[in-house]
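Hi everyone, thanks for making time this morning. Let me put the model up on the screen, and then we'll walk through it together.

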Amino acid sequence: MSKYSMHLLVCGGTGCHAAESDAIVCNLRDELEAKGLLDSVQVILTGCFGFCEKGPIVKVMPDNTFYVQVKPEDAQTIVEEHVIKGRKVNRLLYKDPLTKEAVSDSKHMVFYKKQMRIALRNCGFINPENIDEYIARDGYQALGKVLTEMSPEETIKLVKDSGQRGRGGGGFSTGLKWELARKNVSDEKYVVCNADEGDPGAFMDRSVLEGDPHSVLEAMAICGYSIGASDGLIYIRAEYPLAIERLKIAIGQAREYGLLGDNIFGTGFSFDITLRYGAGAFVCGEETALIHSMEGLRGEPTVKPPFPAESGYRNKPTNVNNVETFASIPAIILKGARWYSSIGTEKSKGTKVFALAGKINNVGLIEVPMGTTLREVIFEIGGGIRNVKKFKGVQTGGPSGGCLTEKHLDTPIDFDNLIAAGSMMGSGAMIVLDEDDCMVSMAKFFLEFTVEESCGKCAPCRIGNKRLHELLGQICEGKGSLADLDRLKNMSLVIKDTSLCGLGQTSPNPVLSMMDNFREEYVAHVTHKKCPAGQCKSLMEYIINLDNCVGCTACARVCPVNAITGERKEVHLINSATCIKCGACMEKCKFDAIYIS
Amino acid sequence: MSSIKIELRNEDVDFIKATCSKFNSDPQELINVLHSCQEHFGYLPAEVQEVVSGHLNVPVAKVYGVVTFYSFFTMTPKGKHPISICMGTACYVRGAEKVLEEFRKELKIQVGGTTSDNKFSLSSLRCVGACGLAPVVLVGDKTYGRVAPDDIKGILKEYEK
Amino acid sequence: MSKIKSVADLKMRRDKLRSASETLINATEPDSAIQVKVSMATCGIASGAKTVMEFFMEQLDRRNVVAVVTQTGCMGYCYAEPTIEVKLPGQEPVVFGFVDLKRADQIIEKYIKTGELVDGIIPVNYQTIDLKE
Amino acid sequence: METIKLTIDNKEIDVHRGTTIYKAARELGIDIPTLCYMELHDMGIENNPAGCRICVAEVEGRRNLAPTCSTKCEPGMKVKTHSTRVLNARRTVMEFILSDHPKDCLVCSKSGNCELQDMSHRLGIREIPGQEFAATSTYRKDTSPSIIRDLDKCIMCRRCEMMCNEVQTVGALSAVNRGFMATVAPAFEQNLEYSTCTYCGQCVSVCPTGALTEVNHVPQVLRALNDPTKTVVVQTAPAVRVALGEEFGLAPGSIVTGKMTAALRALGFDYVFDTDFAADLTIMEEGTELLDRLTRHLKGDKTARIPILTSCCPGWVNFFEHYFPDLKDVPSTAKSPQQMFGAIAKSYFADKIGINRKDMVVVSIMPCLAKKYECQRDEFSVDGNPDVDYSISTRELANFIKQANIDIKNLHDEEFDAPLGESTGAGVIFGATGGVIEAACRTAYEVYTGKKLERIDFTELRGMEGVRSATIDFNGLPVNIGIAHGLGNARKLLDEVRSGKSQFHAIEVMACPGGCIGGGGQPLHHGNSEIIKARAAAIYAEDRKKPLRKSHENPFIIKLYDEFLGKPGSEKAHHLLHTHYFDKKKKIIVKK
């Protein structure tokens, strides 16, 4: 086996105190070399531990000792004490904040693992194309339990008591929704899984379907039993071929095992699932639009009520939940309402999956208990901001959400806190922005998305968002005024107040929250015609530094619009009126004589 | 007077017919039928929509209404290698715009366009859910992650022969 | 496979799957075999997970290492794709990120064969719930 | 039914559960403005997409504003329909709508009768902020024989789409595209001509703006009148006389036959005739055909197809040519009154006054837009000279009268000219649903039984229900009559005919809800179905006033057959008064 008897794992995440990690590795190796131990002890640089607050971290294997806030000069102590004498360095151990006691074995340190995987419990663990692996992990036990031990009412009560709220964005109580669908009497009812994850930056539903499709199938069957439906439909984006493939395999296997189909477990309950494909329309995430789309129509929303629970697919009572909501259901059934409701905050129970993306080191999929702070998510689990830039904001809830800032970092994340902070949970996308991102351009970017995705049915969303987008464009070009900011706000509020569906009712959120949180940046654009982040091309000016210019004419030759004049060997000048800000001159200049103001 | 000339090859008409039958000629299956047809023909020309309309008993105006509603459906043939640049938020903040710009420059076509030799077509799409690889470019079925403007020439080269 | 006719049937099936180490499915974590799980979600495949998986299957066989190579879903470390998890008998599973063929080779030669760690380890920073009551 | 109590603008009201806030407010006399909502009460027609968002109101406890057109009243609800929050929202939304609307009101045919213009005025919009850099959604303008589509003016109220699909089941129009470029158009945004459009004009009659309008033929008519070499003959359809007055401020249902005649004469028409005359003629031909087919059928003649369908509605003819070409031998071959009139005017009458048909211009005043298309059909012309040169709608005539500064309200009643101006009550009732078949029964009964009809009013054939049926006793022979108005209702009867399940001997179909009185060329009803009902009542009142009420008693009809045609169904009658139909179903050309 290994020639190494011991491994020293040094946190090399690019976040937090990454700069020091290299020095620690260096020092450790030097120390080991000096003691002639390099052949038996290996020093390894690892990825982020997600505990950056206490970084840098050194973990000693095989005994799982976990040293925190290690400094390069601690290398000597670790080698001398721990490696050679086998004595743990007490002062470097993590102290439990409550008991103040040192925790030496990271196995007892689950609390540092801020993530808790419920919806993602099987993702990255089982082979999604093998139903046996799901069964070995207690798959379909929850379905068995409700079918043989519980009445539909009891099941609904359990889900209600768990306090789970829909993970699709609205945050409506799952159990209550099921109850409404159950109450409406009909010969046919439908269970629909909304897998039309169209929110840019969100990929949790895709990951669940690709990693653990059976959890969704099982939950849909449980829902079917609860509300009295025997047909399930999954509305999935056509852009997710792998998820579709795995769902097809999973449905096939479940049917083969008799876990879908007629008379499941011999209980007389029958349930089967078919797939319906989306075709690229974000608005179909809205449940009435989704239902119309499943009916072969344009995905236009209709006024609620009637809610789908009364009249949905084929005008029958229909219950729509999203992928993540369903994926947690089997766990809730097996572990109970009390267990689930013990996780999270008072009004938001359980865990939430977030897709971390943007200017963050550890882009990825995470699942944390409700109530975890943004700081923990971004700076611990996410490993902080890329390229040692400054954190500026985080867009939660995608184009429907808002941009939260420094001052919100310690806010516990839950449905209500996010709304209070001017954003929303949405599907769980978190896009982290740094100092280089212009908040006017970002708002414009989100509006561009809404304009493209608006179905066009109602006037405020169809035209209003277009006007918002145009006005933001004007501001980016330095053509805005202070009065325009007021107009922006009024238009935004009216669009929210009057739009037909959730898309229009939330589309101005990015503008409103960014204007609110970054007012001075907006003012800079309209009054000083400056873009503090240096993103807005029209507000940039390329200038030649007279001291550096040698008159080589390279810039003048490369300029596509002949905006640069100057004689050979004489200082050149850029005519800012003609300049199109393409940046070619700056790229060409070998003397660093061109800069942006 | 109906002056649209619907010209299709016999086997094309048969394909559409068979596709509609596969979905029980149920008007509610229109979107699934259109998916199958687009996969087969590469796009959804008016002729195909007319035939689908006839077999599903949905007015052709409604079929067209559906085709133009969903961005996945297209009425113009794509290039042999359709290039899509993800413009989701994650890709956007990591420079997807510059990547798109570079493709435009290299291929000398606009978004939505196809090169004159029908080799490449260019489109932007919204989030493929591969945000960890931002910015992401799709060429046909192949996904390219962490694409920088400098990579574009190399990517295009792979498809030249 | 035959149909599962009752809940008791399902429980039997589950228990058999868990105990049957010879079936070597990764959900049961048998202690007798080396396991390699390759994260094969969209991100992973797009960054080359498929090639990596094929490499492992082929090379482990060629190098006479008895191991189970399976695919799995997203592990959540999108920034470090392709990611794989290797579990040696009796040891905690270790996740490696940024696995290209060169690193895959190192993992076989060093970690799998000798237990020597290689760069690119990603510490698992989450707890997964277990449904067992 | 359960009633609930709520408060709207501090006024309490009890309403039936299920009532919308909009309707409850209306009961209180509160007029909530709206652009997309439209209801034709009693006719089962409602457009309710909740898309314009003008009708929003504040509902206590609700996060956002509620669209009153589609929000149902709840017990204890407190609604404010005109609070400052509502007014500001309404104004802002209106500014949005106007920012994407052309400002060419000066030359827009809807100007003065435009719901959008009225709304802008009502809400006091005086400027549109940000207009200078606002993009507008623009589309190719499309002109067809009957209808102009100028979708730059479309506000996506979806009324036309609803009429075309749900009421008429024509399916020529659909919402297309998405977002800012969403609009309503035929397939592939091609011209209406290439679609299954029947030109019924119901889309035009509900369009709140100038997006859908009729093709204006008044300039051509004016030119003809101004041409001294032309003899200009005008015919007026029955439904025009009971609606024209509305355009001049008279109450719906006012009968202005005499004033209209006077106005047409004042406009310079050389002969002012009546389409009702041709309607009587239609009864002679169609009634004869009905009796012929019916008797042959009863004798067991398998070639005699029953039921016979009326064919005087050109929208309806277009409809079955598109959708039921396999049944094209079922409708009567009789031309519509408009075309019978043209054929007779340019033969019999032209001979009588000794002019060449090429020097005669026949103008028809119609409640209909499909008539514009009908008179342009190739088969209705002789050597390229159409039997009817121009068909103008009731609305166009009203505008023409206004142009000429004719004070129609104060004109003295005048009579139609002879001989093509004389008509019976049977011709008049062609204007309302059920009228054609009633007129046919009056004549067919007497011809078949040889007895005098005791009861002229077949009230069992009247009404506003979409599909009606009655059995008329032809002296021991029960004749089963079916009536449908609105093409969606017609489709139901046609489907039965196609499947061989139809029990009817004769079916009357009118493309427009209510019949011609609700035609696409009539003064706009703006969603008030009382107007249509008032017109129907006026039609029957006009019938009752007539001394002669059966077509075959019209002395000028008798004279026409004596002098010119011989007898109904004669060879000459067939040549001039009958037509044939075409298969307009799209063909799929298979490439080799």
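**Chain D and its sheet**

Chain D has 18 helices and 23 strands, where helices (H or I, at least four residues) and strands (E, at least two) are DSSP runs numbered from the N terminus. Its radius of gyration is 25 Å, close to the 25 Å from the globule rule for 592 residues, so chain D is as compact as a globular protein of that length. That radius is taken over C-alpha atoms, and the rule is 2.2 Å times the number of residues to the power 0.38.

Before we go on, a word on the source: this is a predicted model, where local features need pLDDT of at least 70, side-chain atom pairs count only at pLDDT 80 or more, and totals for chains, interfaces and linings use all residues. Residues are numbered from 1 along each chain as its sequence is written, with chains lettered from A and ligands numbered from 1 in the order in which they are written.

Now, the sheet I'd like to show you. Chain D holds an open sheet of 5 strands, in the order 2-1-7-5-6 with mixed pairing; strands pair if DSSP finds at least two bridges between them. Strand 2 (11–16) and strand 6 (66–67) of chain D are at the edges with a single partner strand each, so one side of each has no neighbour in the sheet. Strand 1 (residues 3–8) of chain D pairs with strand 2 of chain D in the antiparallel sense, over 6 bridges. Opposite D:Lys5 you'll find D:Asp14, in strand 2 of chain D.
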